[in-house]
Amino acid sequence: MVLKFWSIRENFMEEKSVLNMNVEDKIVDDAMDAVSDKMVPVTAFFGKMLGIISKETFWSIIKVDLLHRNLVANTANLYMNYQNNLVLRESQYTLDSINTQISELKKIIMEQADIEKRENFARDMIFNMNKFSRKLSESKDNVYIALESRILLSVIKANEISTSTFSQISDKEYFDSTLEGLQKMSACISDEESKCLEGFLTAYEIASELIEKVSGLENVKVLNGPETLKTAGKKNVPEILQIEPELHEEIESPSPNLSRYSNILRNYISDVNELDSLFEKFFSAKKEYELNTIESGFTSLIIDAMEKEKKYADFTNATDECLKAINLYLDEHPEIQTHYSKLSYDENKKECKTIDCNALMTDCQEKLKRENEKLDEYYQKEKKLIELKKEAVSAENASKTKKKGFWFFGKK
């Protein structure tokens, strides 16, 4: 189920447009270049939360994956998934103040404001972060503490704040003290808990996207679907059908000779006496093509309905499994729900479109019958015209022969 879920998520991600990176996303892009495979932590997270793998197996996965990860990747993933939820939201811990100061700091940087003004804003922001971290330390959930701390650290790095930002020694020391405290709190959980947190953050983002995707999918229910469906692929237009306009002109023309305008027709015959046999070949190709077009059209409707039904089922199943794991994790760490609420969606609100394959096939047979009748009428009509033309040509040729013979004997 985890592998299937990941495959569905990858297909979905290919449909998303590529967004332009902003200043805050630079740290995420740099870290993701080094760490691109999230399959291990997500697999471990789902496996543990859903009881698919044992704790020992989970820990083995984590230890192997830890060899390929580092703190920069964790910080980038945390920042990417959470920056708009913490920094840009109100919080009882003065996050509103931090949000305002970050916006002002960005504006100052873009406007190339003087160093002193930038330093003042940076000083105020670090002060509020320090204040927030003291409140944060009162929490009893180390996972929540680590999460919030890593977000603040990522904000500091994304805005390129360091000791060189400050000119006063006391400010430099204050910044170092705040930074050290945040780093200590960000590392207050075990490697196992850290990997599980990373898997949760990734899974939460995926689940949000899946819910949005499911809401845009058509909910189709196929009734009486065939176990095996013979694919009647639509055929290309036969080349011989291009003679149809010229063929009709010649059939209806009383002339015993081919018209000088029948350029395409001359690729098939050289004399009007060959019209009969050519029409038989033409009609056979036309009938096969017309009937195939109808049959393939109905087959395509059934195939499309079955594919939509499967796609909707795959996405809803993957979404259900994802939400189950996420909400279990949030139950274990309720403080995280301050910024990551439980996810859900109501599948019953989605109108279900029912496709009855038996009804479609009945319609198909009726349409094929009408088309057969129409083609038979067309065939009979054209054959009569061909017979009349053959008679007219024979009569004209006989008349010419008679005239030539009378002149010859008369002259003698």
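In the predicted model, Arg123 lies in helix α7, which comprises residues 115-136. The relative accessible area of Arg123 is 26%, and this residue is therefore classed as partly exposed, since that class lies between the 20% limit for buried residues and the 50% limit for exposed ones. When neighbours within four places in sequence are set aside, Arg123 is in contact with Phe166 and Asp171. The C-alpha atom of Arg123 is separated by 9.7 Å from that of Ile161, a residue 38 positions away along the chain.

Ile161 also belongs to the largest nonpolar core, which has 40 residues. Together with Met129, Leu197, Phe200, Ile326, Ile336 and Tyr340, Ile161 is among the residues with the most contacts inside this core. At least two residues of the core are supplied by each of α6 (95-110), α7, α8 (142-158), α9 (169-186), α10 (191-216) and α12 (275-332). The greatest contribution comes from α8, which gives ten residues. Around Ile336, and not counting residues up to four places away in sequence, the residues touched are Val143, Tyr144, Leu147, Phe200, Tyr329 and Leu330.

Helix α9 was examined in terms of its span and its buried face. The 18 residues of α9 should span 26 Å at 1.5 Å a residue, and the end C-alpha atoms are 26 Å apart, in agreement with that expectation. Buried positions in α9 are Asp171, Phe175, Thr178, Leu182, Met185 and Ser186. Because these residues cover an arc of only 105 degrees around the axis, they are placed on the same side of α9. The exposed residues Ile169, Glu173, Glu180 and Lys184 are carried on the face of α9 turned away from its buried side. The elements covering the buried residues of α9 include α7 and α8.

Ser97 is located in helix α6. With a relative accessible area of 27%, Ser97 is partly exposed. Between Ser97 and Met125 the C-alpha to C-alpha distance is 8.1 Å, although the two residues are 28 positions apart in sequence.

Definitions and conventions: Residues numbered from 1 in each chain as written. Predicted model: local features only at pLDDT ≥ 70, side-chain atom pairs only at ≥ 80, totals over all residues. Heavy atoms only, no water. Helix = DSSP H or I, 4+ residues; strand = E, 2+ residues; numbered from the N terminus. Buried < 20%, exposed > 50% of the residue type's maximum accessible area, 1.4 Å probe, protein only. Contact = heavy atoms within 4.5 Å. Core = buried A, V, L, I, M, F, W, Y, C linked by side-chain atoms within 4.5 Å. Expected span 1.5 Å × (residues − 1). Arc of directions from axis to C-beta.
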